[in-house]
Amino acid sequence: MKRTISWQSVLTLFRLDLRSRKDVAGELSKKDKGMKVMNVVFGVIVYALLVVGIYFLSRMFVVRDQMRIEFLTIATLLTMGISTVVAIGNVVKNLYMNGDNELLLRFPVNGTEILIAKSIYCALHNFVVSCLLTLPFYVVFGVITKAGVGYYFASILIMLFSTMLPFFVANLVAIPVMRIVNVIKNQFLLVLALIIVAICGCFIFYMTALSSILEYLADNNVNLFDDPVIRERVVNFAHNCYPFNWYAYLLNGKAQAGLTSKDLGLAFLYLFLINAGLGVGAFFVTTKFYYGTILKGIETEKESMIKRNAKNRKRSVFGTLLNREFFLIFRSFNYSFQYLAMACAAPVMVYYCNALASAMGTKSVGSSIVPGLTLLVVVIFVTIIVSFASTSISREGMVFYHTKVIPVSYTNQILTKLFLYGIVGTISVALCCITVGAAFGTEAGGNLLTPLDVGMIFIICELTVLAQTCLSVWADIKSPTFNVAGDGELVAANKNVALALFIGIFTAVIYGVFAMVFSFNGLAIGKLVINMQPAEVYGVLIGVSAALLIASACLFFINLEKRYQKIVP
Amino acid sequence: MLKIEHLKKTYPKSDRLAVNDISFELNPGEIFGFLGQNGAGKSTTIKCLTGILPFDGGTIEICGHDIAKDPIAAKMEMGYVPDNHSVYEKLTGREYVNYVADLYKVSLEDRNARLEHYLDLFRLRFAVDRQIKAYSHGMKQKICIIAALIHEPKLWVLDEPMMGLDPQSTAEIIAHMREHCRKGNTVFFSSHNLDLVKKLCDRVAIINDGQLIDMFDLKNNEANKANLEERFFKITGTYEKRLFEDYVAQESADMRPDLPVDEEPAAVTEE
């Protein structure tokens, strides 16, 4: 018997969904509330920086190059593209992968009611994300072009209209995406490779855009599209960029592109038909496949990797501990992303950051700044990688008891962890140094770094890696947080990660500033002027790093057995 | 095999003694049951003797090795099955057992032979090369048991081992406990199941509010077997005549109309 949809059930499910996402204010400690406020402040700062970036980007297009429609088209493409990616992730996560599906199906509600309730949340989420992304572009454009009030009203309507497309596309794409995720979820190496490519791709794109903006800021006379060929390509691209250019035409086509009312009417009609078509398609596809897909998801939730033709194998105690530690990281999407992918992508990230910083620094103060900047950049990225060690004990989670039961001393168990993090950190540092050496230490790279610089940077970074690893593990032994879920993975990074990052970045800044200051005229304190040769600067930094390593190793090893024994899961 | 003397344990930020001056000794070849209500101190005692928790007073010796002074040698003689069946879920069953076997330095020949035997015994062969995250509750329990036995420990410690297991697996574990003891080894387990303890154990200890209240033989002692429930209920402070009579009545054939009159329920069947 076919049951009609009960809107009361839909409303109840929607309320339940909202409540489950909401923090209960009474349960938050003062510290948690403080952290929440900090997160909001941080979010606002990041958003403000984004708006500033958009402002300068807009000026480049709109004021200097007079490419107004092109700007609006590319901005619409960018914002809708990002919105679509976010919406796909959101729909997949909430509609199909959320663990509450099994629970909800036990209630007297049908699949369509669950779908509608969850879709309302997804649509609202998509609406907020799209608006937050689109609004700065449209507002900044209006401010720069001194648009009238009518433009702002139109931009609000277009913004609302443009939020629908990503949501419909996301609903259509979510099911195939789910199938692909299910196929590759146990292909750990493939997943790791994809994550590395994605991180590097996003970072390169980000740094290239940032570099263009900073270049524009540094030299206001530079015209982004000086080359007529490039300019023509951009114009052609924007004019053929359907359906995104139609949104731009609707917004400002009459004034900027000389379009008639008929052209605008047609643009609106096309967009309406596309949205309606996709909306209807998304509705039928989702309602037809949703119930079956979530049932399949529940059935296959526990599908796991199967090792064919596996045999028993004997390893040394050290080898088996190392093997276990590595595979627990490698076989986890979250840990692979946080650690292995970051370690592999670090050389690429260091190269782009260093290229940008060196270019800007060389222009403003000279090439002597490059070794110090390189040191700063490498230590910062190494810190990000090494901070993972500050969850090494917490990640044991529910299985922590096992580390107490096995006939291996705590010192040996922790030394194995230290070895793994040390090796990964060392390889990453070595690759970073080889990359910057090859890129900036050659004739083609402008000989900005000498072999001495690269060698010394490697030694300082290596000592720092080991010191930070000791400190990170020490901090986690001191106060681990066994907050795990699902397959035993940490729910969220604990405070030790923040501590490790803070110490690492602080060290990086001190080292970098020290090297940069002494690479020029030295440090003048009153009448006292301290000058140092590069070798002396490196000597001091190596001495400090070695001292820090010794201190952190002492902190780490003293009473290690007793401190570990005291940990109660 | 296991000697606990004047064990005391207080949890941090608590002024209550979770374990208060407990002493007992386990002999080779015996199955020892450890009874008590929830929160009585059973798991705390087990966690102290396995090295999971530090303790404030007393000594624990396993095969003559002091767990506090010589923990590696003491742990080498012991196999432990936890109550929550927590294992490394990202590893496959075989990887996990091999990992444990490596830690206990089990030769390749021995681990091959033992693993083959246990995979058949616990019917886990079909899943041994799958990640443990795909295992059911009972399968996780079984892989924990296999890992605990892979080095043939002299002392096998189990914290509420039958929870969540199907009847056949329970029977297999019981049979294996007996087999393990026949080789001169010792089994120490905590349980809430009085019938199981009555059937299986040579000796039993009852703990209440952190203190060891009673310890007595069950092997060849029908009187003790018969009044185990009564002693348990009295010690744990839950004794009420009516409650006890209800309990006995539930186990009695003539009060169970669902059972044939001539068939005695397993719970009161004497061995």
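Let me start with one residue in chain B. His6(B) sits in strand β1 of chain B, residues 2–10. Its phi is positive, about 50°, although His6(B) is not a glycine. Most residues other than glycine have a negative phi. Is His6(B) buried or exposed? His6(B) has 11 C-beta neighbours inside 10 Å, so it counts as exposed, the cut-off for that being 12 or fewer. Keep in mind throughout that this is a predicted model.

Chain B has a second case. Cys63(B) also has a positive phi, near 50°, and is a residue other than glycine. Cys63(B) lies in a loop, between β4 (57–62) and β5 (65–66) of chain B. With 17 C-beta neighbours inside 10 Å, Cys63(B) counts as partly exposed.

Take the contacts in chain B with a separation of 6 or more: 67% of them join residues 24 or more positions apart.

How is chain B divided? The domain assignment gives domain 1, which is 1–77 + 153–219, and domain 2, which is 86–151. Their C-alpha centres lie 23 Å apart. Between them, 10 residues of domain 1 of chain B are in contact with 11 residues of domain 2 of chain B. Which helix gives the most to the domain 1 side? That is helix α6 of chain B, residues 167–182, with 4 residues. By class, this domain 1 side has 5 nonpolar, 3 polar and 2 charged residues.

On to chain A. Chain A has 20 helices and 4 strands. Its C-alpha trace spans about 75 × 65 × 50 Å along the principal axes. Of the 569 residues in chain A, 36% are buried. For contacts in chain A with a separation of 6 or more, residues 24 or more positions apart account for 83%.

The domain assignment of chain A also gives two entries. Domain 1 is 30–188 + 223–300, and domain 2 is 317–566. The C-alpha centres of these two domains of chain A lie 38 Å apart.

One helix pair in chain A deserves a slide. Helix α14, residues 370–386, packs with helix α18, residues 495–518, both of chain A. The angle is about 170°, and the axes are 8 Å apart. How do the two run? An angle over 145 degrees counts as roughly antiparallel, so α14(A) is roughly antiparallel to α18(A). On the α14(A) side, the contact includes Leu373(A), Leu376(A), Val379(A) and Ile380(A). On the α18(A) side, it includes Leu501(A), Ile505(A), Ala508(A) and Tyr511(A). By class, the contact has 15 nonpolar, 5 polar and no charged residues.

Next, the cores. In soluble globular proteins, nonpolar side chains tend to be buried together. Here the largest nonpolar core has 152 residues. Those with the most contacts inside it include Val350(A), Phe381(A) and Ile385(A), and also Tyr96(B), Ile143(B) and Ile150(B). Which helix gives the most to this core? Helix α17 of chain A, residues 451–478, gives 14 residues. Leaving aside neighbours within four places in sequence, Ile385(A) is in contact with Tyr339(A), Met342(A), Ala343(A), Ala346(A), Gly425(A) and Ser428(A).

Now, where the chains meet. 33 residues of chain B are in contact with 32 residues of chain A. On the chain B side, the elements giving two or more residues are α2 (71–76), α3 (93–103) and α4 (108–121). The largest share, 5 residues, comes from α3(B). By class, the chain B side has 16 nonpolar, 8 polar and 9 charged residues.

One residue to look up is Ser409(A). Ser409(A) lies in the loop between α15 (400–405) and α16 (410–440) of chain A. With 14 other C-beta atoms within 10 Å, Ser409(A) is partly exposed. Not counting residues up to four places away in sequence, Ser409(A) touches Glu561(A) and Ile72(B). Ser409(A) and Glu561(A) are 152 residues apart in sequence, yet 7.7 Å apart in space, C-alpha to C-alpha.

Last slide. Most peptide bonds are trans. The bond from Tyr242(A) to Pro243(A) is cis, with omega near -5°. Pro243(A) is in the loop between α9 (228–239) and α10 (244–256) of chain A.

Terms used: Residues are numbered from 1 along each chain as its sequence is written. Chains are lettered from A and ligands numbered from 1 in the order in which they are written. This is a predicted model: local features need pLDDT of at least 70, side-chain atom pairs count only at pLDDT 80 or more; totals for chains, interfaces and linings use all residues. Axes are lines fitted to C-alpha atoms, for helices over the stretch in contact, and angles run from 0 to 180 degrees between N-to-C directions. Angles under 35 degrees count as roughly parallel, over 145 as roughly antiparallel, 65 to 115 as roughly perpendicular and the rest as oblique. Two residues are in contact if their C-beta atoms, placed from the backbone, lie within 7 Å. Ala, Val, Leu, Ile, Met, Phe, Trp, Tyr, Cys and Pro count as nonpolar, Asp, Glu, Lys and Arg as charged, and the others, Gly among them, as polar. Domain bounds come from an automatic or database domain assignment. A nonpolar core is a set of buried Ala, Val, Leu, Ile, Met, Phe, Trp, Tyr and Cys residues joined through C-beta atoms within 7 Å. A residue is buried if 20 or more other C-beta atoms lie within 10 Å of its own, exposed if 12 or fewer, and partly exposed in between; C-beta atoms are placed from the backbone.
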